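User: I want to learn how to read a ligand site and a pocket. Can you take me through them step by step?

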Amino acid sequence: MKLDGSIAAVVTGGASGLGEGTARAIAATGAKVAVFDLNEERGEIVAAEIGGVFCKVDVTDDASVAAAFAKARAAHGQERLTVNCAGIATGQKTVSRKKDTGEIRAHDMAQFERTVRVNLFGTFRVLSQSAAGMVTL
Ligand SMILES: NC(=O)c1ccc[n+]([C@@H]2O[C@H](COP(=O)([O-])OP(=O)(O)OC[C@H]3O[C@@H](n4cnc5c(N)ncnc54)[C@H](O)[C@@H]3O)[C@@H](O)[C@H]2O)c1
């Protein structure tokens with residue numbers, strides 16, 4: 001795919017880490033980039049630095065994702081490229097033993113479910129809503 005100023009792109013998690021690096025790399029080609037992130041403060045900075053638009057979003061929420069796409073598309077037109085980098089890491093073992101008491105502890109399932117909601121369902125929600133826009137092209 002040839003990237004240039006005619007292409008609109010969306011990068012989730014674009015305020016930090018892998019997403020920020022991706023947003024900057026895509027913007028360097030001349031493409032228009034919408035930075036999707038929960039972190040408004042960092043997201044606005046990154047978007048301003050790359051000449052893009054920041055769209056506050058929680059990828060775990062349908063309406064929030066729809067509102068972010070509406071803002072991005074109003075600014076740049078229908079995106080042709082979407083990269084999902086929004087994510088969290090829980091950093092907890094499947095099973096662990098407490099150092100002081102020796103107590104064996106299973107993984108905290110609430111944490112695991114939160115991770116799946118953001119990393120898996122969030123990614124699918126964004127790509128599905130993006131594809132729904134792309135098929136109109
Ligand atoms: N960095 C690595 O080397 C690496 C390697 C393998 C996997 N990962 C995974 O990739 C993902 C991104 O890694 P990273 O290093 O860029 O992390 P990061 O924390 O630097 O960036 C993640 C971004 O996602 C955003 N975010 C989190 N939850 C969100 C939500 N609900 N809605 C919208 N935005 C949300 C955060 O605000 C943050 O800006 C993580 O899930 C991480 O575990 C990273």
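Analyst: Keep in mind that this is a predicted model. Start with G17: one of its polar backbone atoms is 3.5 Å from an oxygen atom of the ligand.

User: How far is an oxygen atom of the ligand from a polar backbone atom of L18?

Analyst: That distance is 2.7 Å. Now look at D37. An N or O atom in the D37 side chain is 2.6 Å from an oxygen atom of the ligand.

User: How much of the ligand does the protein bury?

Analyst: The protein buries 62% of the 820 Å² that the ligand exposes when taken alone.

User: Which elements give two or more residues to the shell around the ligand?

Analyst: They are α1 and α4. The shell has 18 residues, and S16, L18, D37, D58 and V59 are the closest. By type, ten are nonpolar, six polar and two charged.

User: Now the pocket. How do I find empty space?

Analyst: Roll a probe the size of a water molecule over the atoms, and you see where empty space is left. Here, the largest pocket has a volume of about 250 Å³.

User: Which residues lie nearest the centre of the largest pocket?

Analyst: Look for G13, D37, L38, A86 and G87, out of 16 lining residues.

User: How do the lining residues of the largest pocket divide by type?

Analyst: Eight are nonpolar, five are polar and three are charged. Go back to D37: it is among the closest residues to the ligand, and D37 is also among those nearest the pocket centre.

Note on methods
Residues numbered from 1 in each chain as written. Predicted model: local features only at pLDDT ≥ 70, side-chain atom pairs only at ≥ 80, totals over all residues. Heavy atoms only, no water. 1 Å grid on protein atoms, 1.4 Å probe; cavity = no way out; pocket = protein on both sides within 12 Å on 5 of 7 lines; lining within 4 Å. Points joined across faces, edges and corners; volume = space filled by probe spheres on them. Nonpolar A, V, L, I, M, F, W, Y, C, P; charged D, E, K, R; others polar. Near = heavy atom within 4 Å. Polar contact = N/O pair within 3.5 Å; in protein donor to acceptor, adjacent residues only side chain to side chain. Areas by Shrake-Rupley, 256 points an atom, 1.4 Å probe, with all protein chains shown as cover. Helix = DSSP H or I, 4+ residues; strand = E, 2+ residues; numbered from the N terminus.
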